[in-house]
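Student: Walk me through this model, please. Start with the terms.
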Amino acid sequence: MNRWRIRSLRYYIKGKKFWEQKTKNQRRLLIGFAVLLVYAVVHLSWVWYQSRSLQIWQVIPDDAVFIVESNDIWNRSYRLSKLPIWQNLTQTSHFSSIHNRLDYLDSLLVSHQASIHEQLRNRNLYASVHISERRAFDYLFFIPLEKQEILFLPDKINAIAKAEALTTLERQYKDITIYELSDHKSDEKSAFTYLIYKNFLICSYTPMLVDEAIRKIMGKEAQPFFKRNKDLLELSKIDNDEANIYVNPRQIGSFMKLFAHESYEHFFEEWDEGVGASVLDLLIEPNQILLSGYTLYKDDYLALFEGQEPTPYIDLLQFVPKQTALFYRVGLSNKEKYFNALNTYWKDKYPEQTARREQLIENYNFSPTRFINTLGGEIALSVLEQAPGRATSDKILFLSIKDPDEALDMLKVLSDNAAAILQTSQNTSEVYQDWVLRRIDVRNFPQIMFGKMYMGFEQTYFTLINDRYLVFANSADALRTLINDIREEQVWAKLIRSSRFLEQTGTQANLSLVIDFPRYWNAILEQSHTELGKKLLKEKSQLIKLDFLALQMKHDKDKMQNNLLIAQKVSENPTQTNSKQSLNLLHSSTFQNELTSAPYSVRNHNDGSYEIFIQDKDNKVHLVSKDGKILWHKPVYGKMRPYLEQVDFYKNGKIQYLMTTPNHIYLIDRLGRPVKGFPIALPTGVLAQTLALIDYDGSKDYRFAISDLQGRAYLYNKNGQNLQGWNPLSLASPLSEPLKHLRIGQKDVLLAISQDGQIYNLQRNGNNYPNFPFDFDSNISSPTFLQEGKDLDDSYLVVMTDKGEHIHLSFQGKILAKKEFFRKTAKSRFSLVTDVLAQKNYLIARQDERELTIMTPEEQNLFALSFDNDAAKLVQYYNFGANIDVVEIHDTQNQKSYLYYTDGRLIGGQPIEASQPLNLRYIESEQYFIVHRALGKQLDCLRLQR
């Protein structure tokens, strides 16, 4: 150090001596020369800086939502155009727009032997997505150029513009010329805007984006995207993929709001705080799209998974119900570490969440920390398929459990305390089959415990499944659905379609999201803004060919490893209208007498297979096996009424068949033998018209409800004793449908609809609830529909009178809404057609002499049919879920059935001959229908391809 100080002092002394020896003029010349030297250095540095080539990370603006980087885009797009999944997507307006714009860009670079295309081959092309206005977005394209290309490219593009008769406009921004090419023959080419800035061709179909980009680049108003997210460029990528996709987390929320209905926009306001920037490799195969890569994080939500090993969820799939449209799961190897980090995260970013959890302690004496200690390391949410027209979906939350006894005790105390504080019914529990269901009157309890993802639980119902999972649901009906699906093995692990897909994705992750596209369709429409919803409806046939989407995220050091898979249905082959090969006979059963009832599907309790129960002209009932073998026949007294129920009379898992003839109630076991005590003879003079099976709480302590042609109703217990208050219960006229049992909240309702338009809202003892019966003063020949809410006050009935009055009636006896449907003629007759399978939604049928019209509840015409006769047509509606909706129209006079999708396509291209209405099932994994039809003495099993 001393040596350097000595040298510095020596140079200083020499310089001082040199300066003192110079004259005054010499000193002036030296100062001028120094100034010129500094100026030259600065100027040359500036010239060098201005002339050097820009890198892509210096150019793309920071407001990009996504950036796509691809090598040799034109050859890749040609290959993609041959793949089924891309061919399907390019039929939609958005993807066709991308395709057309790339084609147009290609045409500019290829036309008239311009050779630009060849020179840009194997060059990286970058496309960034930007929000252009409130409900729109568009792309900026960036192509790096060589020096010689910078010189000749403008002239060549101008030559092409002249040859193609394009209108060319020029404008200046500082020293940059911006060009616009307009082609009035095509909307896609109406405003192609481009400029050359240093070594980049920058272009777009939205002039504003080009203007904004160059203003930001030259004005240095904001950091470019890659400068802000430079770590992304250092992550490893696949060399031979289709493209690299970079995701900007700061813009995702705003981007998603472009598509959302106004009432859902708040869900996306804090997305930029949830995840970091991502880079994904894109691979496209014939029927799937795979995106794999990494997401970076700092202090966002993903940082909570620091040190968490991915965990498997294969066991959970044994309980995820078939109707699941969206599945979201968190897997934790160290639950305590995650929840400690989550509490800190909430205190920092969402203090109101912490405050709500503390209120559970203060208000209900419930400790969130103690409850979490009873849980395992798995949290999963199933959002069930949303019925059309409904604003919300049923939701089921699964929590793996370590200490079920303590968890249940805590929740029971919470349930009782909440009921006491709110002064709601103290009866907060019910038994369904073997499960106890309890209610918690704490609004959004799962959201308070686990965060915003778990909102939508106005009330919370819970039960314990197999001592392995504590299950919450936002309705008791959702829990009943879950229990039924588990017992019938209608769960993801047992269903071919879902299990095949999940085999591809793997089931080990920290974060998982799986979307069943066809089942999520109604929710997408509900959550989309109006204009987008209209567009989606037009493109429905293409979009629901997409089958599943799965996102799996695993913690990997200081980042998350991502895999996103989008799969399209492989075997779908829509039936052509002239196809005669779509309907195939699988097997046939021949009887001695003509068949007089519709075929009824029943389940074999031994192997779970579907069998057929049917009656012939000689009043014999038959059971037919899955392969068409007639197992037995039994004579009964009279023609069976068109209602058949399966019961577990002895509560041992073995099934019997309940039916009624005009004078008797029959209960027959699977071997064709009558159950002891049956048949039950009805009172003298009673001619049964309807039969209903009632099980108040799923305990299998059955009740049998009978109504007759005089409007009298009888209610029997399972031992055949007629119950007090129902001996008989006299109504105004015959019923239009069997007696209905509804359990809403904690109340039981027995609903009776008489054909003369009176509705009876009955208690178990046969007494009406207040304000009932309600008289519509108009005939009602069709069933009613229940729009179920969280309790009786929040629920209502939908009624369609014969003359077209569409009415919402509350259970307090008030008309909530009323609309008169258009009557084409004075003879028009309306009916409400409920879903045969689950009765979650309905359609409207209008018959006008020889024409039948099928409509939505909003009076939108779906399709209409004309017939050569005016006989009444029998209409059945099947909602198989996953957007497979089928309407059967049976022409009794011509003995033909027509199967239509709700968009008016005739399935199979031709009617099916049948003497009775059909029995229809859908095999989802193979995409075909099983049709059983009665035709004369034949029972045929047919396969009908979609």
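Tutor: Helices (H or I, at least four residues) and strands (E, at least two) are DSSP runs, numbered from the N terminus. This is a predicted model: local features need pLDDT of at least 70, side-chain atom pairs count only at 80 or more, and totals for chains, interfaces and linings use all residues. Residues are numbered from 1 along each chain as its sequence is written, and side-chain values use heavy atoms, without hydrogens and water.

Student: Which element gives the most to the lining of the second largest pocket?
Tutor: Helix α19 does, with five residues. A pocket is an open set of points on a 1 Å grid over the protein atoms alone, where a 1.4 Å probe fits, with protein on both sides within 12 Å along at least five of seven lines; lining residues have an atom within 4 Å of a point.

Student: New topic. Is Y432 buried or exposed?
Tutor: Y432 is buried (under 20% relative accessible area), at 15%. Strand β15, residues 429-432, holds Y432.

Student: What is Y432 in contact with, beyond four places in sequence?
Tutor: L437, R480, I483, N484, D697 and G698; contact means heavy atoms within 4.5 Å. L479 is 47 residues from Y432 in sequence, with 9.2 Å between their C-alpha atoms.

Student: And what is the order of the open sheet of four strands?
Tutor: The order is β48-β49-β50-β51, with antiparallel pairing; two strands pair if DSSP finds at least two bridges between them. β48 (873-879) and β51 (912-913) are at the edges with a single partner strand each, so one side of each has no neighbour in the sheet.

Student: How many bridges join β49 and β50?
Tutor: Six, between residues 885-891 and 896-901. D891 faces K896 in β50.

Methods: Buried means under 20% relative accessible area, exposed over 50%, partly exposed in between (1.4 Å probe, protein chains only).
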